[in-house]
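Let's take a friendly walk through a protein model, one piece at a time. Keep the picture open beside you as you read.

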Amino acid sequence: MSNEFLPAAAQPVAPAPLVPRRHFLSSSSGSLASIALSWLLARESSATTPGRVPAGAGSGLHFPAKAKRVVQIFCSGGVSHLETFDHKPELERLDGKSLEGMGENLGFFGQPGMLMKSVYPFAKHGESGSWVSSLLPHLASCADDLCFIHSMVAKSNNHTPATFQMNSGFTLNGFPCMGAWLSYGLGTVNEDLPAFVVLPDPRGQPAGGSINWTSGFLPANHQGVAFRTDGVDPIADLRTPAGLSPADRVADLRLLETMNSDFARLHPGDTDFAARLRSYELAARMQVSIPEATSFDDEPAAVRELYGIDDPTNKGFSRNCLMARRLLERGVRFVQLFNGGSFGSPRINWDGHENMQENHDTQAATMDRPVAALIKDLKDRGMLDDTLVVWSTEFGRSPVTQGIGATGRDHHPKAFTCFLAGAGVKGGHHHGATDDVGYGVVEDEVTIPDFHATILHLLGIDHEKLTYYHNGVNRRLTDVHGRLIRGILS
Amino acid sequence: MVLLLSVRCRLAIVVGLLLPLQPSMAADGDRHDRARALLAARCVECHGADAQEGGLRLDSRGSVLRGGEYGPVAIAGSGTEGELLDRIRSADADERMPPTGAPLTADEIASISAWLADGLPWLGAEGDADRDPRLDHWAWQPIRRPDPPAAVEAFQALPGVEPDRNPIDAFVRATLAKEGMRPTAVADRRTLIRRLSFDLLGLPPTPEQIDAFVADVDPAAYENLVEQMLASPRYGERWARHWLDVVHYGDTHGYDKDKQRPNAWPYRDWVIGALNADLPWAQFVAYQVAGDVLRPDDSGAIEATGMLAAGPWDFIGHVEVPETKTDGKIARHLDRDDMVANTIGTFASVTIQCAQCHAHKFDPVSQEDYYSLQAVFAALDRSERTYSPDPAVMQAHAALDVRRTVLDGLRKALEARRADAAGARLAEIDKALAAPGGGNATPAFGWHSEIVAASGPTAADTEKWVQVDLGREVAITRVVLHPCHDDFNAIGAGFGFPRRFRIEGSSDPTFATNVVRLADSGADNLPNPGTVPQVFTVDTVSGGSRYVRVTATRLAQRQNDFIAAIAELDLLDADGTNVARGATVTSIDSIEAPPRWQRANLVDGEFPSPSGDAIALRRERDELLAKVPLEVTDGLRAVDEDLAGVTRQREALPALRPLYTVTATQRGGIPRPIHVLARGNVSAPGREVGPGALSALTMLAPRFELPPDAPEGARRKALAEWLVSPDNPLTWRSAVNRAWLHHFGRGIVDTPSDFGRMGSPPSHAALLDWLAGKFRDQGGSLKNLHRLIVGSATWRQRADDDSSSSAIDSSNARLWRQNRRRLEAEAIRDAVLATAGTLDPTAGGPGWQDFRIEHPEHSPHYRYDLADPADRSTWRRSIYRFIVRSQTQPFMTSLDCADPSMRVEKRNESLSAIQALALLNNGFMTTQAVEFAARVAREAGDDPDAQVDRALRIAFGRAPTDEERGVLVELLRSHGLPAVCRTLVNLNEFTFVD
């Protein structure tokens, strides 16, 4: 048993000195009590307490790390590579023609269709001359910072298994996801905040629900902590219950500390008791640090404008992006942002079966500006140098329409585009390529285990060495696969 | 040079290092050892049990001498000749072996050369030359019945230490003595009863139980206490939870839709009951694999099979993708994989799933073994079935099924004669009547019920109702139902129109009272009416109805599921006015997907127009039917009456209960052909295999020799018999090891679901075999095993770290003391309820739910934050919680509750800030702290000293020290009794058990 929230050095904590019994309620010595007191003060004065600035972050587990933290944007539903980043002039010429000879219709629903050109025009952007469609003008303006992988392939044609694969490496239910592995491997930087925070789309959870941030067989403290951003408390049980005055709570915590310390002293040699005391200290600190980290009160107007905080068309996703930056700044190791929820009518994700333009117009309006703002903001703060930005989706979309004369595209796992940006990767770079119609990969195929192996590498982790024993197997994020994508490393 | 062809091999290092090196035979055997170790490390991955490149194996003396496809590769007695030496010495990198990694050094080559020159000495009988050395691993060996070692004299009179109480102590203490450790003193009675109570019941003892035990002068006081606890129904509730972790039981499917499984719980209740009844282990195991086959008349044996369906299930991959497509094949392959892993991992503690893609890297499990196990389950699909606790009822239902089949056949014959008599025109008319009418004028199609998955024989009989509120009582004279039109699944006209239904009126919106039947569809299923309006004249207009409800009693089938949909409901009063138009519509459910499907569409005046000449066609049809001979018409009427009788008799019988399990009905009991799949790829099937199990257990036949036409169940019966055979060492060791884990916090094998080479070796191998043999030979009684374990001095030791032994064995693998344990999520929650005095002991039945569901029509969202912690229906034991896979319960999850998606052999015991926040602030904790305070006030009166005393005695079973009393009374006076109670349940002493 151990508290993985704690850095190794903090694990064996000596019991606090005995408080003279008579005065324990009025004394402020003892760390839990003093934290509780500071919480009380913070609450009473509404003062913001600055987050504890991360120090000595990320030297890497197996070798020096380029990235100290990661933010992953996951776009649910399957973003079309053909409408965003994979420019296919030949597809324009073949618009309305048959796919025959270039591949078979793999669509999930399998209705016949003809090749369809991108519904958006493409243009070159930045000094790198990267092609980006008119759908994403804000991200296009960041083109020189983005490192595109055009040759991604997924194992499943079905949303949930494919979403699981992007997040956990496995198409099955319940394997630990990447953030949990990072928390397990690297621990936390800021003790006052969780190492792995998830910001689900305010419109709904992704396919598969909270399994996408499970710790699986890893200890529960590595599970992603999902913050809500729609006005209520960011996490469950953060708030001291109504009806309990701050003074009540401080008294509770003082007594807890006193009695638990005594108990630890009576049972020497068991570090669990010290660790448990520590966990209550951290809990008390989180009651201060999380509200502070998730409040935008101190964000200047220019920043709010950059993200589009007050623009209702992004459906609250801009708030998540700004919160991601605040959390990264305060030392959260891995922030995962979901853009788009699961199923429903009307659609709240990128699953453009019926009409590509209508669907992707709506979704891009939520995603483009906030994600571009996040990249620019990180860059302005000098954080892009040691922060890895990962933009991903579960699969691409078919070059043929879903049905004759239709305007939507079906799922397509044989080729899609993701991008990385920031720490350790080349900017304005394009890795891998698809064929003339964007059906299959013809150059430098990248599997999801390859993708994961590379992200771990940038964090100083050898993906073959980060293992955890479970049911007869030393499990890895990358299972028995994964090759480093060397071509994209700067 | 073709021998040892340079097929590029994977690095053999990992496997090689794990192979046991044969011990040295003689002083000069070092070089021989080294040579064999080199072969093991660098060659056998490609030339061994897993793979035989070029037909060659190099893992036994016989196989080296025999050579490969192209002849021998070495000559005994020659250190210079033979292809083996040629290839390892080759200068040509394409030819040289091994093909990967550094070439062998000159020194290494010299060792091999010397070993060959010495005649390839190899330990082991020559007859076993081809034996896979991995078979020597402890787990595959038969259970020995070792005699307990002699008691360690020095430990029999140590101060405070109990003398040996049973043979467990002799085994454990022999190891302690050998390794220079000593046992710890016996725990005091207060500690023992608390430990025993949590171990066996998962609940704290009451202060009264503690007092009675501490004061009990009966020499058998302890044994009596154990018996009392083992007889408690709370015992099964505690131990079933351990079992459900391993089989990953859940009440939803998981994956994206995460639909509920409302009828999974009978399996959970069966486990509890079977443990309470101390069902012999062989039956406990066999019923879960094949209870329906072994004991078809025993409802418990049927419920037991819920184990095979306990894990997650990919609804989309099964329901929305047909088995003919690759994704559908993958889904079903993975479904069988889950059944195989769940069965073999759970009962036999072998990790089998690696062999899905390749022969197991570490254990002698081949792909053929793995796919033979898949073949056992090849006819099965997860779904609901029905059963009854009364075998007579099950038989009566079966007899009615037979009768119905006969009548259906008769009806078909009569219909054919009618068609002959009426002429071909009848069929044309019927077709025309069913043909699509004019489509929908607007996209407002109608009302559409939620979709019922085809999960069992009763799915179509799910009742779906929709009703209107007319705002006043109206006497209805005619009811008109307009069917829908939707091209989904190419159904078109009549989409979703219920096959059977009734129409009722009432003055009560719940239709609990004052219900009058206005019309119904008759006893038989209606054919698809197309878009022809269905008109019903109300026979006797008696009074009026404010509410009119249409209840579908047999749903319309789509491809793989069932629905009810109605475009428009007209209710005509005596003047012929449609009073339903614009009324308020409510329904049991609705997919609410505007504009096409919503409740309001039922009364919006929009419906598909019927084909114009429907009325004329009906008249013509009647004329044709007049030509049909009377005997046919009468015969049809008689058959229909009989069929109605069958329906009535069925309704009169006690209803069958639904159970979520596996069934073979979807495939008519015919197993799918199972092939060995190259790299687990469903598109690369290799040779077909029949049913079987693990060939590593050489004492049992690895393949089940069944006749080709044997029923599906014979395969599972054979697997059940293989598992519970007295000769199967895995099953018995696995069971005693799992029990040991929950008594000590650690198994004798620390990897309870993996006895293979990657797992931990047993900390007490002889004891494991002694226990397994005794358990097996004495009827497989788990309760006897508990008696033995908790009766041992080893179990009764103190948990404190007060011995010099910790310097030798700090992890306490050798059990020089008892382990202190943090309670599991369920035990903490149940202990809080017990402490607060609010625990509702109601046992069994559907799980209680501490969430609200949002968006049930698509993918349900389970919102725990919307539940009310004061809802007393949730104050039951945690074993009865409704377990959701997609959103795990946050409070329980923070306490390391098992993830129901994973097979959990052992809980983690983490301590985190999120856990602390949950224990401090979660509504459950604060609500129960207030209840706890109320209980203390009730039981102790107003005196603060007495209150503090009572609170501590309830929470910890002890009186406070003077110091504790002082600070607690001070807290009580300044912040109230609830503050004291909140604090106590957060203390270490509450959460840890010594």
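In which loop of chain A is A:S76 found? The residue sits in the loop between β1 (69-75) and α2 (89-93) of chain A. Keep in mind that this is a predicted model.

**A closer look at A:S76**

Is A:S76 buried or exposed? A residue counts as buried if 20 or more other C-beta atoms lie within 10 Å of its own. A:S76 has 30 other C-beta atoms within 10 Å, so A:S76 is buried. Leaving aside residues up to four places away in sequence, A:S76 touches A:T163, A:P206, A:A207, A:F338, A:N339, A:G340, A:G341, A:S342, A:N349 and A:W350. A:Q223 is 147 residues from A:S76 in sequence, and their C-alpha atoms are 20 Å apart in space.

Now zoom out to chain A as a whole. Its secondary structure comes to 11 helices and 17 strands. Of the 490 residues in chain A, 63% are buried. Among contacts in chain A between residues at least 6 apart in sequence, 76% join residues at least 24 apart.

**Where the chains meet**

How many residues of chain B are in contact with chain A? There are 70, and they contact 63 residues of chain A. Several helices of chain B each supply at least two residues to this side, including α14 (315-320), α15 (326-348) and α30 (962-975). The largest share, eight residues, comes from α27(B). By class, the residues on this side of chain B divide into 20 nonpolar, 31 polar and 19 charged.

**Domains and helices of chain B**

The domain assignment of chain B gives six entries, among them domain 1 (13-136), domain 4 (440-611) and domain 6 (924-993). Taken over C-alpha atoms, the centres of domain 2 of chain B and domain 6 of chain B are separated by 53 Å.

Next, find helix α25 (residues 825-836) and helix α28 (residues 923-940) of chain B, whose axes come within 8 Å and cross at roughly 30 degrees. Angles under 35 degrees count as roughly parallel. The two helices, α25(B) and α28(B), are therefore roughly parallel to each other. On the α25(B) side, the contact is made by B:V832, B:L833, B:T835 and B:A836, while α28(B) brings B:M925, B:Q928, B:E931, B:F932 and B:R935. This contact has five nonpolar, two polar and two charged residues.

Among the buried residues of α6(B) are B:I168, B:F171, B:V172 and B:L176. The buried residues of α6(B) pack against α23 (765-777) and α24 (782-790) of chain B. After α6(B) comes B:G180, whose phi is positive, near 80 degrees.

**Backbone details in chain B**

Here are a few backbone angles to look up.

| Feature | Angle |
|---|---|
| Cis peptide bond, B:M97 and B:P98 | omega about -10 degrees |
| Cis peptide bond, B:P594 and B:P595 | omega about 5 degrees |
| Positive phi, B:D278 | phi near 55 degrees |
| Positive phi, B:E592 | phi near 40 degrees |

B:P98 lies in the loop between α4 (83-89) and α5 (106-117) of chain B. B:P595 is in the loop between β16 (584-587) and α19 (614-625) of chain B, and B:E592 is in the loop between β16 and α19 of chain B. B:E592 has 15 other C-beta atoms within 10 Å, so B:E592 is partly exposed. B:D278 belongs to the loop between α11 (265-276) and α12 (281-294) of chain B, and with 19 C-beta neighbours inside 10 Å, B:D278 counts as partly exposed.

Notes
Residues are numbered from 1 along each chain as its sequence is written. Chains are lettered from A and ligands numbered from 1 in the order in which they are written. This is a predicted model: local features need pLDDT of at least 70, side-chain atom pairs count only at pLDDT 80 or more; totals for chains, interfaces and linings use all residues. Domain bounds come from an automatic or database domain assignment. Axes are lines fitted to C-alpha atoms, for helices over the stretch in contact, and angles run from 0 to 180 degrees between N-to-C directions. Helices (H or I, at least four residues) and strands (E, at least two) are DSSP runs, numbered from the N terminus. Angles under 35 degrees count as roughly parallel, over 145 as roughly antiparallel, 65 to 115 as roughly perpendicular and the rest as oblique. Two residues are in contact if their C-beta atoms, placed from the backbone, lie within 7 Å. Ala, Val, Leu, Ile, Met, Phe, Trp, Tyr, Cys and Pro count as nonpolar, Asp, Glu, Lys and Arg as charged, and the others, Gly among them, as polar. A residue is buried if 20 or more other C-beta atoms lie within 10 Å of its own, exposed if 12 or fewer, and partly exposed in between; C-beta atoms are placed from the backbone.
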